[in-house]
Each structure stands twice: as C-alpha cells, then as structure tokens.
Amino acid sequence: MLQLKFDNRFIGDLPGDETGNMQSRHTPGVCWAAVNPTPVARPRLLAYSSEVSQLLNLTDQDVHSDDFLAAFCGNRLLPGMRSYATCYGGHQFGNWAGQLGDGRAIALGEAINKNGERWELQLKGAGMTPYSRRADGRAVLRSSLREFLCSEAMHHLGIPTTRALSLIATGETVMRDMFYDGNPALEPGAIVCRVAPSFIRFGNFEILASRGERELLQNLLDLTIARDFPQIGGPNRVADWFRLVCERTAKLVVEWLRVGFVHGVMNTDNMSILGLTIDYGPYGWMDNFDPGWTPNTTDEDWRRYTLAKQTSVARWNLERLADALETVAPSRSILGEGLAHFDTTLQANLSAMLTAKFGLLQLKDEDAGLIEEVFELMHRAQVDMTEFFRALADIRQQSPALSALRSAFYQDALYQDHSELFEAWLARYVARLALQQDTDEARRHRMNLVNPRFVLRNYLAQQAIDAAMNDDLSLIDRLMQAARHPYDEDIPADLTAKRPDWAINKPGCSMLSCSS
Ligand code: AMP
Ligand code: MG
C-alpha cells in the first residue's frame with residue numbers, strides 16, 4: 001500500500017459543504033464542497049515526473065503500482081486522502097464572472113513529505129463537482145498532455161509553477177467542440193495530478209468578498225498566511241503579506257517575458273496566491289517575436305492577454321485582489337503600498353532580466369534604446385526569440401557577423417530586407433559591450449544561463465499529442481528529457497528547431513482555444 005501522510009488544513013480550518021450534493025449550484029457560506037472523483041473505465045499511466053514523485057517520497061516502483069494508478073485516476077482514495085472541490089470566483093477577460101470554482105479539479109488532500117514540506121495533490125479532469133455548471137468535469141488528452149509537459153518544463157526553466165505528478169489516460173472519451181465552430185467530436189480523456197504547496201487563487205478571496213462574507217474572508221486570509229506564508233507574522237502581517245503577493249506576481253510575469261511564455265488566460269481565477277504559474281490552458285511560447293501575440297483564439301479580437309500585456313494585466317488582477325481584501329485589511333493604503341511595490345519590483349526585475357538577457361553587466365540609461373530597437377527589429381523581421389538570444393551569445397566582439405544570427409530568421413526575404421538595420425544594430429551592440437570589463441566567453445556563459453536553448457514550442461507539444469493519440473509515447477519522454485536541462489547546448493536538434501512552416505496555421509501549434 002502506498003504510504004502518504006496527509007494534513008488537510010484547507011478543509012480542516014475552513015468550513016465546507018459536506019452534504020455530498022453534487023448538483024451544480026452556488027455554495028454560499030463555505031470555501032469547499034466534499035466530492036468524490038468519478039471512477040474511470042480503463043486507466044493507463046502515460047507519463048509521470050520522477051522529480052515530483054520524489055518530492056512525495058514515492059519510488060518508481062510505487063508509481064507503477066496498482067494503488068498509484070487507482071488513486072491518481074480517481075478510482076480509489078488512499079488512506080488519509082479527502083477529496084473536495086474549492087469555491088472561487090473570478091474576473092474573466094475583465095468582467096466579474098461570479099462563482100466559478102473547481103469545476104473539474106478535485107483535491108485529494110495535502111501530503112506532507114519527509115522534509116515536512118506540504119504538497120497539495122489535485123486531479124484535473126476527475127469528474128463533476130458542484131462547480132461544474134453545465135460542463136462535464138473531464139479533460140481531454142491533448143490539453144492534459146500540454147499541462148503535464150509545460151508544468152515540468154517551466155519548473156526546470158527556474159520559473160515558479162504548479163507541478164505535475166502524473167498523466168493518466170482514462171480509457172474513456174470526452175465530447176469537445178475544439179474550435180467552438182459546431183463540430184463536436186469525441187476525444188480521449190485524461191487526468192493530470194497537479195501538485196503545489198497551495199492552489200489558492202485570487203478568486204478564492206474575491207468570491208467571499210463579493211458575497212459580503214467577511215468572517216470567512218478573514219478565515220481564508222488567516223489560513224493562507226499561516227499555512228502558505230509562515231515567514232510572515234507580527235502587527236503588519238496583512239500589509240507584509242499583500243506586498244509579498246504583489247512582489248511574487250511581478251517576478252513571475254517578468255520570468256514569463258524572459259522565456260517568451262504567454263499564459264493566454266490570465267483571469268483572476270487563474271492567478272496563484274503563491275505567484276506560481278497555474279492553469280495551463282491555451283498557453284503558448286513565442287516563436288517569431290511579437291509582443292502582441294496571443295495563442296488563445298478566444299482572445300483573438302480583444303487581445304487582452306498578449307505577451308506584452310501580461311505585466312499590466314498582472315497589476316490589474318492584483319487591484320481586483322486588493323478590492324476583495326478591503327474589508328479585512330487594516331487600511332486601504334497598505335493595499336496601495338503593495339501595488340506600488342508591484343510597480344517597483346516589476347521595473348527592477350524587468351531591467352535586471354533584460355540586462356542579463358543581453359549579456360550586459362549593468363544597465364545604463366542609453367541601453368533602453370538599444371534594447372527597444374532590437375525588439376522592434378525582431379518583430380518586424382519575424383525573428384525567432386529563443387534562437388536569437390542563443391545566437392547573440394555567440395557574437396564575437398572583434399568580428400561581429402550578422403550571418404551568426406541568420407539561424408534566427410524564418411524568411412530569407414526578411415533577412416535580406418533587414419540586414420542593414422541589423423548590422424547597424426550589431427555594431428552598436430558590440431560598441432556597448434566594449435564599455436564593460438568582460439570577455440566573449442564569460443558573456444556567452446552568462447547569457448546561456450538565462451536564455452534557454454529549449455522551450456516547449458507549441459508545435460513540439462502538438463507533435464507529442466499527435467503521437468500519443470497513436471499510442472506512441474516516445475516524444476513525451478524525449479521532451480521531458482530536454483525539459484530537464486533547458487539551458488544546455490546538447491539538446492537534440494529536432495527539439496530546438498524553429499517552428500516549421502507546416503505548423504504556422506495548424507490548430508494546436510499557433511491557435512488554441514479554451515476548449516480542453
Ligand atoms: P479555465 O478556463 O480552465 O480556467 O476554467 C474556468 C472555469 O470553468 C473553472 O471554474 C473551471 O473549473 C470550469 N471548467 C472548465 N472546463 C470544465 C469542464 N470540462 N467541466 C467542468 N468545469 C469546467
Ligand atoms: Mg482556471
């Protein structure tokens with residue numbers, strides 16, 4: 001029998017609805033509802049993260065046991081597990097959407113590992129809950145695979161994220177209209193077990209505030225600080241805590257910009273109170289640099305959640321959290337101070353991130369122009385972001401050759417058309433490099449620590465999905481291997497190749513809907 005130790009504080013400290021009523025409904029007065037996962041027919045383990053299983057002190061043998069499969073597909077709870085769905089609300093695409101809640105996520109409890117670390121386990125796609133509204137509580141293989149791979153890739157890039165323990169095929173089908181165009185089809189279902197110290201979202205606070213449930217809001221705040229921010233205490237605890245939430249959120253979005261990640265659905269219900277990347281849906285990685293790009297077709301017209309807007313949206317979301325906290329904060333001004341701290345942190349971290357990306361040792365005022373100019377050029381000439389920064393690291397100060405950057409261009413014609421401008425820029429860049437005490441080798445080394453060689457390009461994830469649909473799991477394995485050391489040089493060429501032409505307009509590669 002698998003041995004996991006649980007200490008389920010969320011349900012222990014906060015009131016819940018324990019009636020077991022599964023009807024879709026509003027649940028005022030509680031923070032969660034007890035639900036059982038719905039069993040699945042023929043579960044099969046498709047992939048797992050050995051790093052995450054180790055966090056839970058599970059051996060590879062444990063992972064391949066019947067107990068594991070039964071527990072993490074939702075067929076049978078392990079001793080100590082308690083399953084429940086949490087109640088949250090959210091601002092979706094700028095509008096208050098009311099109660100949302102875990103419509104297809106079911107928590108299994110908070111596991112405590114041998115180091116005393118708390119890891120909450122959560123199944124995504126394990127069946128209906130009172131928050132499922134008119135949906136089915138399930139998830140399809142394609143989106144589950146994307147979440148599984150990206151969680152782990154993000155972690156190894158050094159970016160805060162929820163983790164993924166396992167990916168299990170349910171052996172059942174799920175009906176989805178992938179492009180909301182009236183063509184529903186049956187697709188294979190899957191369940192990911194997500195793992196994080198806490199899955200509390202901004203929306204967990206918002207729903208209580210919107211209902212005027214002040215006491216409950218206070219309880220949730222107390223639990224969050226005590227459980228998830230144990231370093232915070234004393235008379236200014238709420239101010240210190242909110243300031244830290246703002247700081248972590250600022251740092252997170254700067255990290256996304258560093259690697260060219262677009263979350264795609266930064267609704268407040270998808271914002272982690274711990275500043276983790278959470279809820280991998282129609283996310284995407286930047287191929288040709290375009291700050292106005294979003295992979296989410298649902299956001300095509302409004303373009304609210306593009307790469308560049310992620311910083312201002314993060315602040316807007318924090319403002320909504322601040323609104324929700326008004327009645328439990330000692331004053332509105334401490335919330336304002338937290339938001340101001342977001343602005344300062346954002347600026348400082350943006351500067352530091354860009355300084356490092358370009359291999360500079362210090363940012364001078366004049367550098368802003370240099371950096372802005374090349375981003376503008378990259379946009380116009382459709383230069384691949386990941387490839388560009390790795391190639392830039394190889395530029396030799398004594399003999400800067402534009403040909404060294406050729407590999408980052410998608411189109412010959414655009415390369416030719418912009419070569420003079422890029423050459424002029426390169427000349428400015430090496431002139432700037434000459435102002436610092438540095439060597440090509442040292443700069444290259446530093447740059448390659450912050451500019452990944454491997455990112456989970458959209459077309460790669462899609463290829464892994466296509467193969468998995470044909471029972472070929474080898475690409476999942478290879479992508480996981482590469483994802484473990486994304487800054488290394490020796491990654492198989494086919495996993496670092498720029499987006500191929502066939503992927504430009506292929507669904508899943510450049511366009512993703514929220515359907516999952
Ligand atoms: P998302 O767009 O994934 O962040 O989800 C927004 C809301 O819709 C959340 O409350 C989800 O739990 C819910 N939801 C999304 N898909 C499903 C589904 N298939 N079944 C039940 N609820 C869902
Ligand atoms: Mg969500």
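A polar contact is a pair of N or O atoms within 3.5 Å. The figures below show a predicted model.

**Figure 1. Polar contacts of ligand 1.** An oxygen atom of ligand 1 lies 2.8 Å from an N or O atom in the side chain of Arg133. For the side chain of Asn270, the distance from an N or O atom to an oxygen atom of ligand 1 is 3.1 Å. Asp279 places a polar side-chain atom 3.5 Å from an oxygen atom of ligand 1. Ligand 1 taken alone exposes 480 Å², and the protein buries 81% of that area.

**Figure 2. The shell of residues around ligand 1.** There are 17 residues around ligand 1, and Gly101, Gly103, Arg133, Asp136 and Gly137 come nearest. By class, the shell comprises eight charged, six polar and three nonpolar residues. Both domain 1 (9–197) and domain 2 (234–357) contribute at least three residues each to this shell.

**Figure 3. The pocket that holds ligand 1.** The largest pocket is the site in which ligand 1 sits. Arg133, one of the residues that come nearest to ligand 1, has a side-chain N or O atom 2.8 Å from an oxygen atom of the ligand.

**Figure 4. The largest cavity.** Three cavities of 30 Å³ or more are found in a search of the whole structure. The largest cavity has a volume of about 60 Å³. Its lining includes the charged residues Asp102, Glu120, Arg201 and Arg227, together with Phe10, Thr86, Gln122, Phe199, Ile200 and Asn204. In total, four charged, three polar and three nonpolar residues line the largest cavity.

How values were computed:
Residues are numbered from 1 along each chain as its sequence is written. Chains are lettered from A and ligands numbered from 1 in the order in which they are written. This is a predicted model: local features need pLDDT of at least 70, side-chain atom pairs count only at pLDDT 80 or more; totals for chains, interfaces and linings use all residues. Side-chain values use heavy atoms; hydrogens and water are left out. A residue is near a molecule or strand if one of its heavy atoms lies within 4 Å of it. A polar contact is a pair of N or O atoms within 3.5 Å; within protein, one must be able to donate a hydrogen and the other to accept it, and residues adjacent in sequence count only if both atoms are side-chain atoms. Accessible areas come from the Shrake-Rupley method with a 1.4 Å probe; for residues, only the protein chains shown count as cover. On a 1 Å grid over the protein atoms alone, a cavity is a set of points where a 1.4 Å probe fits but cannot get out, and a pocket is an open set with protein on both sides within 12 Å along at least five of seven lines; lining residues have an atom within 4 Å of a point. A molecule sits in a cavity or pocket if more than half of its atoms lie within 2 Å of its grid points. Domain bounds come from an automatic or database domain assignment. Grid points are joined across faces, edges and corners, and a volume is the space filled by probe spheres set on the points.
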